[in-house]
Amino acid sequence: MVASGLNRPRLAVLLPMGHRDAALRQDFLQGFRLGQSSVEACGESFPPVAWHGLNSGEAPEAQLMPSSELKLLVAPPSADLRTFAALAVERDLTVLLPFQRGQSLDTLRGLEGRERLWPLVPSQQEDLKAMVAAAMEAGWGRAMVVEAPSALESTSSKGFVELFQAAGGIVESYEAEPVQRVDPSNDRRLQRFKDDMAWSWVPTVVVADAPDGPLSQQLRAEQQQGRFGGGAPRTPNWIWLTEAEGLQDAPEVPWQQLGLRHPARGDAWSDFQENFQQHTGAAPSLLAGAGFDTARLLALADAAPLQLSDDGTNDAMGWLDPDQEAVPICEAFDQRRRGERLRLQAVASDSRFRAGQAPSGQAIAGLIE
């Protein structure tokens, strides 16, 4: 799978090499290897790829040798989009973003060079939309939103509120802002929020904290003892702004809880999941699915001459057409070599890939059983 950088291949992958990145690399590479195997199952040879490690805060150009041959670069997860857009323009590159899901995607709209950046997975907005739809379907249209300031989930609070209100939901708040920030170590702030919940009789609380986070633990203990919100311990209901994987070990409680069952992904996910479990003994993450799709896109890009854009610059993904019917990988190679534009079946998204715009997918949210 790994090619030496000495032969200057047209394709390169940057992997995160921070001391906390081992699990990320493993997930991505496990999916990538299965994607490579699917290419080879068509009787195709996988193209040479240059692999480079990138430490946190390190500039990507420090790892990439000057080369006119390099045309398609895979950025690490959660890449700095401004840095990679500038690099793409400077080096005439197309950049794949295999795992870019958060707020940084909002910067794409006004970013110079965005036509060279290709996100491969759906935005987290798709997950939040599914959660809002499930909440409204359950009749949970009036809620109070609380976030732990240091929790990763707090980055989703504002987006959830906007989508919830757009769907007709009502967000109650005794603060100037709709999201109430509560530091669980601040006893006075915590008591104020508990009093607000009790006075308002809001039937639902949206919690932007991990199930084992300090704020969640304190609120859960209060509700189990009948001291949080009207009707405790059986109400209020809880909506979690936590990733689906983080809800697998959520404790059983007397009240109803709603959360994400799986993030937005593609129609081909079930077959990929079965294959992944057979090879690894574990369920795949969305990042593993992104690795799978990345490998297949790299192979297809290299299967025929790369296209040029109207201004004569590199357009290594110009053969993709999001409006076509999605085709299996072996058929995609045939179409690619005939010079046809195509849409490849993908597992981590609906495969409607476009420059500067995240694809979509199907997310599912509902009650936690």
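**Contacts, a disulfide, a helix face and a cavity**

Tutor: Let us begin with contacts. Apart from neighbours within four places in sequence, L97 touches A75, L81, L117, W118, P119 and L120. Please keep in mind that this is a predicted model.

Student: Where does L97 lie, and is L97 buried or exposed?

Tutor: L97 belongs to strand 4, which covers residues 94-97. Its relative accessible area is 1%, under the 20% cut-off, so L97 is buried.

Student: How many disulfides does the structure hold, and which residues does a disulfide join?

Tutor: In general, a disulfide is a covalent bond between the sulfur atoms of two cysteines. Here, a search of the whole structure gives 1 disulfide. The bond links C42 and C330, with an S to S distance of 2.0 Å. C42 sits in the loop between helix 1 and strand 2 (49-54), while C330 is in helix 9, so the pair ties together parts 288 residues apart in sequence. The torsion about the S-S bond is about -90°, and the disulfide is therefore left-handed.

Student: What is the relative accessibility of each cysteine?

Tutor: C42 has a relative accessible area of 21% and is partly exposed. C330, at 38%, is also partly exposed.

Student: Which residues of helix 9 are buried, and why do they line one face?

Tutor: As a general idea, an α-helix has 3.6 residues a turn, so residues three or four places apart point the same way. In helix 9 (residues 329-337), the buried residues are I329, A332, F333, Q335 and R336. Viewed down the helix axis, these buried residues fall within an arc of 165°, so they line one face of helix 9. Their cover includes helix 1, helix 8 (286-301), strand 14 (326-327) and strand 15 (343-344). Just after helix 9, G339 adopts a positive phi of about 80°.

Student: How many cavities are there, and what lines the second largest cavity?

Tutor: Rolling a probe the size of a water molecule over the atoms shows where empty space is left. For this model the count is 2 cavities of 30 Å³ or more. The second largest cavity holds about 40 Å³ of space. Its lining includes L14, L15, F28, V74, A75 and P98. Strand 1 (11-16) and helix 1 (22-40) each contribute at least two lining residues. By class, this lining comprises 10 nonpolar, no polar and 1 charged residues.

Key. Residues are numbered from 1 along each chain as its sequence is written. This is a predicted model: local features need pLDDT of at least 70, side-chain atom pairs count only at pLDDT 80 or more; totals for chains, interfaces and linings use all residues. Side-chain values use heavy atoms; hydrogens and water are left out. On a 1 Å grid over the protein atoms alone, a cavity is a set of points where a 1.4 Å probe fits but cannot get out, and a pocket is an open set with protein on both sides within 12 Å along at least five of seven lines; lining residues have an atom within 4 Å of a point. Grid points are joined across faces, edges and corners, and a volume is the space filled by probe spheres set on the points. Helices (H or I, at least four residues) and strands (E, at least two) are DSSP runs, numbered from the N terminus. Ala, Val, Leu, Ile, Met, Phe, Trp, Tyr, Cys and Pro count as nonpolar, Asp, Glu, Lys and Arg as charged, and the others, Gly among them, as polar. Buried means under 20% relative accessible area, exposed over 50%, partly exposed in between (1.4 Å probe, protein chains only). The arc is that of the directions from the helix axis to the C-beta atoms. Contact means heavy atoms within 4.5 Å. A disulfide is a pair of cysteine sulfur atoms within 2.5 Å.
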